Amino acid sequence: MIKVFLAVITVMAPGVIGGNPIHGTSTQGGLSGFVFLPGSAVLGEGCLRVQTHLNYVDLKGSGNYLLLPLSVTWGWMDGFEIGGEIPFYLDDSEAGDRLLGDITAGCAWLYETARGGSAIVLRGQLRLPTGLEGRDRGSELVLGAATSTTFRLFRLQASASYILNGGRNPFKDRITDYMDFTIGGASYVTEDVQIVCAMDGNTLGNFGLSGSGILYAFEGISLFGVLRAGLSGNETYSISAGVSWTGSDF
């Protein structure tokens, strides 16, 4: 599947990339940002981003799984993007051989920008319970915001969301709503290499630290790797490697 994806992108890129599309990747759920750090930027009107990454997750005392999320993000209009993500479970020691996980769809609106690159983005997402029981935590409505500012050569980012859960919560069965947050930053090491560090967590007691490296290898194409260490919760660690392609004039 990954080889097919790369082949399609290689064929499409020369014909559809016009001008200089913005570099970038997508966060979990398909909107703009980094894998574990939602961003405060949105795609420009007519821009399209397609991303996938292979993610190995080790669970505390209960096996592991191999996940391949595929996401698409589109700049619908100026300051507004829509996106979605479909996760595929390639190998799961706990939950049989059904591939599909919970599908997520969402949108982001650039609410305000200020001097120095500071910005606020309002975000909304809907998670659909399409996955196998054990992976599926029920339908979820996510409402939140992300903000950022630049300090010298470091881009500071933070986000927070309120999540209304449909009832099958993987952490505590009786909790039907909770909050999550992320805080971190990104900095360019060279013109084509960016590093990202983040801390993510939620009010259910799940916390983790992550580090990412992004290589803007070709025009419109980003290669990235992510390592996350679980400080508490059900994950021990995860390792990801992926590719993101951004084009314009769609």
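Visitor: What makes Arg127 and Asp102 a salt bridge?

Guide: In this predicted model, the closest N and O atoms of Arg127 and Asp102 are 3.1 Å apart. The cut-off is a side-chain nitrogen of Lys or Arg within 4 Å of a carboxyl oxygen of Asp or Glu, so the pair Arg127 and Asp102 counts as a salt bridge.

Visitor: Which parts does that pair tie together?

Guide: Arg127 lies in strand β8 (residues 119–128), and Asp102 lies in the loop between β6 (80–92) and β7 (103–113), so the pair ties together parts 25 residues apart in sequence.

Visitor: Why is Arg127 called buried?

Guide: Buried means under 20% relative accessible area. Arg127 has 17% relative accessibility, so Arg127 counts as buried. Asp102, at 5%, counts as buried by that cut-off too.

Visitor: How do you know that Asp200, Arg228 and Glu235 belong to one network?

Guide: Asp200 forms a salt bridge with Arg228, with the closest N and O atoms 2.9 Å apart. Asp200 is in strand β12 (residues 193–202) and Arg228 in strand β14, so this pair ties together parts 28 residues apart in sequence. Arg228 also forms a salt bridge with Glu235, at 3.3 Å between the closest N and O atoms. The salt bridges share partners and join Asp200, Arg228 and Glu235 into one network.

Note on methods: Residues are numbered from 1 along each chain as its sequence is written. This is a predicted model: local features need pLDDT of at least 70, side-chain atom pairs count only at pLDDT 80 or more; totals for chains, interfaces and linings use all residues. Side-chain values use heavy atoms; hydrogens and water are left out. Helices (H or I, at least four residues) and strands (E, at least two) are DSSP runs, numbered from the N terminus. Buried means under 20% relative accessible area, exposed over 50%, partly exposed in between (1.4 Å probe, protein chains only).
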